[in-house]
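I opened this entry to look up a helix pair, one further helix and a loop residue. My notes follow the structure.

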Amino acid sequence: MAASGLNQLFNLLAYLYVLLRRIFNASWIRANVWISQADRVIPKTNGPRHKVIVMGDSLAMGLGDWILAGQVAGVAPSILKAAALDKQVRQRWYCLNRGNAGSSSEDWLPPKGPRIEAGQPTTEKKGKKGDGEAEPLLGDDSPGGKSWERIFGPGRVGEDAEVVVIMLGLSDVVRGDAGLPLHAMKRDHNSASVLYPEDELAVVVKNVRSIAARLRSLGKKVAVVDLPISGAVVSSYGEGKVKRINRQLKQICKHNLSNVGDTSNPVAYVSLGLNHKVMRPEHRAFDSLHLNSKGYKVLGVEIYSAICPMLVNCEWKMWKQKLAGALPEHERVMKANAEELVGEGAAGAEEVVGGKVKSQ
């Protein structure tokens, strides 16, 4: 009995230690973002200045990272450093940490997002009403989630960002709100060839798809980072469930989002759960769920490898616009006349049928 009481006391003290340290860590990270990356000090995207936004929950925020005053936590500094060392990238980039610890995928839904279908039984008890019908997360006439409006609303810092990294879903899993349908559990989560039908997609996956689709429709380039499959809380949720959610995230990036709309603007997918460079014991934070400073540095490099072509493409578009605008007036007129003559020649060629010219 005495040993049992000591174990309970030890578990309680460990829980309080992790809880208090998380609160302090999150507050310290927010304070430093407000100091060094506040909206008021970040210039608008213009000419050789560009922005990358890292958005999402506590993983995007960098919870578990230890920083000094004036520094930024998470993957943002590593992405920025990799860009500075890359000779392909020649212009000024800002990489902004806009993660919000505790935020769910619902908080980041864009305005007038699609309604989540009701009536599908899920593996979670939360988010249900009546006889198993899930509460729709966002109506057709609803405003955007509070985190979306704070970052991508009119006049906000992310409105003119060109590249967005989505790191969402960890809070949904921790709270048991991921909404993975029961019949999706029959799929082999270790098979790379399995494709999930629409009715087997988790609610969190549908939310990420809605967010990424809206960002692409705004002309932004998007990368999606999946979830860790090990660590405290995630392990109790079920490694198999998280692997299925990761498979679905990869599926929407590779087979859904990248094949609709502007196919020249595909969505990049970055694996965290199966990335052995990142998911090492020495890269885990004090709560064994998030990453520490070394872990975020390695993950930042992995993300940069995926978004580097996006940065180069943004710079090239800017140069093309500058070159087009720099042409003298007489050169623009000559170019327009030349294009008109080529068009007339092509139209005249269509008049030739069977080797004979049509009578006028």
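The model I am reading is predicted.

Entry 1, the helix pair. I looked up α6 (residues 203-217) and α8 (residues 239-256), whose axes come within 10 Å and cross at roughly 25°. The two helices are therefore roughly parallel to each other. I noted the crossing of α6 past α8 as right-handed. On the α6 side I listed V204, V205, V208 and R209, which meet I245, Q248, L249 and I252 of α8. By type, I sorted the residues of this contact into six nonpolar, one polar and one charged.

I asked which residues of α3 (residues 76-85) are buried. They are A76, S78, I79, A82 and A83. Viewed down the axis of α3, these buried residues fall within an arc of 170°, so they line one face of the helix. An α-helix has 3.6 residues a turn, so residues three or four places apart point the same way. On the other side of α3 I found K81, A84 and L85 exposed.

I located L291 in the loop between β7 (268-270) and α9 (293-326). Is L291 buried or exposed? L291 is buried, and I wrote down a relative accessible area of 2%. Leaving aside residues up to four places away in sequence, I found that L291 touches L63, G64, D65, V278, M279, H283, R284, A285, Y296 and L299. I also checked G74, which lies 217 residues from L291 in sequence but 8.6 Å from it in space, C-alpha to C-alpha.

Technical notes:
Residues are numbered from 1 along each chain as its sequence is written. This is a predicted model: local features need pLDDT of at least 70, side-chain atom pairs count only at pLDDT 80 or more; totals for chains, interfaces and linings use all residues. Side-chain values use heavy atoms; hydrogens and water are left out. Axes are lines fitted to C-alpha atoms, for helices over the stretch in contact, and angles run from 0 to 180 degrees between N-to-C directions. Helices (H or I, at least four residues) and strands (E, at least two) are DSSP runs, numbered from the N terminus. Angles under 35 degrees count as roughly parallel, over 145 as roughly antiparallel, 65 to 115 as roughly perpendicular and the rest as oblique. A crossing is left-handed if the near helix is turned anticlockwise from the far one by less than a right angle, and right-handed if clockwise. Contact means heavy atoms within 4.5 Å. Ala, Val, Leu, Ile, Met, Phe, Trp, Tyr, Cys and Pro count as nonpolar, Asp, Glu, Lys and Arg as charged, and the others, Gly among them, as polar. Buried means under 20% relative accessible area, exposed over 50%, partly exposed in between (1.4 Å probe, protein chains only). The arc is that of the directions from the helix axis to the C-beta atoms.
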